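Hi,

Here is the model I said I'd pass on.

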Amino acid sequence: MSYERKIRILVAKPGLDGHDRGALVLCHAFRDAGMEVIYTGILQTPEQIVETALQEDVDVVALSLLNGAHMTLFPRVRQLLIERNAEDTIVCGGGIIPEHHKPELIRQGITGLYGPGTLLDVIINHVVERVKKERWKIA
Amino acid sequence: MELVKRLLSGDMRAAARLITHIENELPDAREAIRLIYPHTGKAHVIGVTGSPGSGKSTLVDSMITEFRKKDKTVGVICVDPSSPFTGGAILGDRIRMGNHFTDKDVFIRSLATRGALGGLSKATKDAIRILDALGKDVIIVETVGTGQDEVDIVKAAHTVLVLSVPGFGDEIQIMKAGILEIADILVVNKADRDGADKLALELTLMVDLGHEEKADQKWKPLVLKTVATKNIGTPELIETIERHLQYLKSSNLLEINHKKNIEREIIELVNEHLINHLLGIMKEGDFEKLIEKIVEREIDPYSATDEILKKLYSN
């Protein structure tokens, strides 16, 4: 029997940042793109996010942060995933990310890094492309 | 199988991955179930159902806290609906359970219904088996927000909790057949709100009436009041849940119900297999042609069914 494979994505807000409107809009957009979206609310520690990602066996962790702590918290999530042998879990980020911070985050495998005003399709395409290439091994 | 070995040694990530394989109907999923099946049947499976917004997830969070106080390990399966249009889903039950994310003895997994009706997803039963084999003492299954008739949880759980909240209609709603009938324990959540006492009284009256009619039925569903956000009533609830399990064991119902459920499951599986087999032996396009004929009213649905079944007998 054929089945339609679903992208499972965790939308997470690490750290002290209560601005979840963007994350909620993304949840909705990912859902409408046919993904299964796990949302765990605001004020999550990197440890909570990683445990959730592992238990839910997600393809993607999408981090949203607008308070400036992305250079600490994004890499921390990525690092914990690597420590738990889950380096194949895709990590994307977004929020208020200054241009000069992006190269370092991308070097660590945290991609996307879209800011306010980005078209939803751009973000969805980025996620789908990475999943197809890295998780499903379809070029 | 490597994943099964890891699962049986208590590796949470193997459980997570196996559930994904089950959900995606990967070829090795069936083999995995075959291997773990002898290791299942130990956990107490508790179903939590009720209308959307009645506080199921919050109550589950509060239940986890109580079970952990008693040193029980807990598995949780939360089911949320898939969109019938895009197939996407928002799995948002976990959001109420954040306190337990980093507790090594709590495993929470969200499943989307993926088109299944009845309040659970197709993978739910096997997901329960996987958490059972992982060694969880208690497995809590939270259904989608239910209305009146999504009662599949009785086929999967030993003890069923049905949540009601004040303000959802009058006593006629309570008299209706369906979801309230499947409860082993009726929970009036948000009991700090107006109308909670009245609702509890109406539910108690319903239970009393039904109980008189069936004198042989020994377990009388209890009505309990909770305020899940404040952990009020949860200790009593857990105590009642454990008492219900004792009752099931002493009355032999645990075994009788289990047998019934297995019977139903096998019939469902054979059903599904037969349909796939039938559609498989039909020549390409034949099924569509038949449907077209019915649409054009050249043939009626029953005759069309006969035509399909003929293929089975001639094969």
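Below is what I found, chain by chain and then where the chains meet. Keep in mind that this is a predicted model.

Chain A first. It has five helices and five strands, and if you read along the sequence they come in the pattern β-α-β-α-β-α-β-α-β-α. The C-alpha trace of chain A spans about 45 × 35 × 25 Å along its principal axes. Its radius of gyration is 14 Å, which agrees with the value near 14 Å that a compact globule of 139 residues would have.

Chain B has twelve helices and eight strands. Its radius of gyration comes out at 22 Å, close to the 20 Å the globule rule gives for 315 residues, so chain B is as compact as a globular protein of that length. Its C-alpha atoms fill a box of roughly 60 × 50 × 40 Å, again taken along the principal axes.

Now the interface. The size of an interface is often given as the accessible area lost when the parts come together. Here, chain A and chain B bury about 2600 Å² between them, with 49% of that on carbon and sulfur atoms. On the residue level, 30 residues from chain A and 31 residues from chain B take part in the contact.

What about charges and polar contacts? There are five salt bridges between chain A and chain B.

Which parts of chain A supply at least two residues each to the side that touches chain B? They are helix H1 (21-32), strand E2 (36-39) and helix H2 (46-55). H2(A) gives the most, with six residues. Sorted by type, the residues on that side of chain A are nine nonpolar, nine polar and twelve charged.

E2(A) pairs with strand E3 (residues 89-91) of chain B in the parallel sense, over three bridges. Within that pairing, A:Ile38 has B:Leu91 in E3(B) as its bridge partner.

Cheers

Technical notes. Residues are numbered from 1 along each chain as its sequence is written. Chains are lettered from A and ligands numbered from 1 in the order in which they are written. This is a predicted model: local features need pLDDT of at least 70, side-chain atom pairs count only at pLDDT 80 or more; totals for chains, interfaces and linings use all residues. Side-chain values use heavy atoms; hydrogens and water are left out. Contact means heavy atoms within 4.5 Å. Buried area is the accessible area (1.4 Å probe) that two parts lose on being put together, summed over both. A salt bridge is a side-chain nitrogen of Lys or Arg within 4 Å of a carboxyl oxygen of Asp or Glu. Helices (H or I, at least four residues) and strands (E, at least two) are DSSP runs, numbered from the N terminus. Ala, Val, Leu, Ile, Met, Phe, Trp, Tyr, Cys and Pro count as nonpolar, Asp, Glu, Lys and Arg as charged, and the others, Gly among them, as polar. Two strands pair if DSSP finds at least two bridges between them. The radius of gyration is taken over C-alpha atoms; the globule rule is 2.2 Å times the number of residues to the power 0.38.
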